[in-house]
Amino acid sequence: MRATFALLLLLGTACSRPEPGSGPEIAALRAELASLKLAQANPGSTAPPELGQQMLELQIRHARLWQAGQAQNWMLTQFQLAELRESFSGVVEQNGDHAALQPKRLAEVMPAFTDPALRQLQDAVDAQDGPKFEAAYDELSKACTDCHEASDHGFLVIQRPQTPVLDNLRADLPSP
Ligand code: HEC
């Protein structure tokens with residue numbers, strides 16, 4: 001009787017244990033290992049920039065876009081939007097397989113979240129439409145936050161800037 005009970009207990013724990021090799025943590029570790037192996041196999045190759053660094057750049061560009069749009073300086077807004085799009089492309093190109101999104105690919109998840117809002121922003125800026133710009137901007141901020149949630153960084157919540165981060169670049173001049 002006792003032996004049967006012990007056997008049942010053993011079977012129970014064996015069944016409740018997650019399958020080896022599954023789960024997001026394992027997938028993330030695998031991706032990290034793959035990138036380490038790649039770096040080791042190509043010692044001359046340069047490591048991609050830190051994703052956190054690229055995010056700081058996105059944060060600054062996101063803020064500067066708002067200042068330009070608020071000033072209705074459409075020339076500067078076009079410029080800031082183009083720079084922001086370039087920064088997004090850089091992240092996709094250089095950190096497309098980052099561990100944070102594994103087993104999904106950052107290269108697919110990032111554009112899926114942000115492309116619709118970036119298109120709306122482009123339309124608003126082309127039309128020099130202030131209210132449309134603001135609505136599209138909020139969509140983009142939401143896309144940033146949604147992607148943070150999707151990568152277990154839901155505590156990073158992006159909003160409209162309340163004050164300029166960098167006020168050494170004038171946004172208040174009329175477009176030439
Ligand atoms: C791929 C989905 C994704 C999108 C889209 C995204 N982020 Fe991130 N972001 C991340 C991840 C993952 C991290 C954590 C990076 C790390 O581990 O250092 C992060 C970190 C950050 C950080 C913290 C960086 C630091 O080191 O202090 C900021 C700020 C940030 N993101 C801003 C933004 C802004 C602004 C946008 C939109 C314009 C944006 N992010 C869009 C995934 C994303």
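1. The shell around the ligand holds 15 nonpolar residues, seven polar and no charged; Ala, Val, Leu, Ile, Met, Phe, Trp, Tyr, Cys and Pro count as nonpolar, Asp, Glu, Lys and Arg as charged, and the others, Gly among them, as polar. In total 22 residues surround the ligand, and the closest are Gly52, Met55, Ala100, Cys144 and Cys147 (near: C-beta atom, placed from the backbone, within 6 Å).

2. This is a predicted model, in which local features need pLDDT of at least 70, side-chain atom pairs count only at pLDDT 80 or more, and totals for chains, interfaces and linings use all residues. Residues are numbered from 1 along each chain as its sequence is written.

3. Helix H3 (51-70), H5 and helix H6 (130-150) each give two or more residues to the ligand shell. H3 supplies the largest share, seven residues.

4. The protein has six helices and zero strands (DSSP runs numbered from the N terminus: helices H or I, at least four residues; strands E, at least two).

5. H4 (residues 74-94) and H5 (residues 106-126) have axes that come within 11 Å and cross at roughly 170° (lines fitted to C-alpha atoms, for helices over the stretch in contact; angles run from 0 to 180 degrees between N-to-C directions). The two helices are therefore roughly antiparallel (over 145 degrees; under 35 is roughly parallel, 65 to 115 roughly perpendicular, the rest oblique). The residues of this contact comprise 11 nonpolar, four polar and one charged.

6. Of the 176 residues, 18% count as buried (20 or more other C-beta atoms, placed from the backbone, within 10 Å of the residue's own; exposed if 12 or fewer, partly exposed in between).
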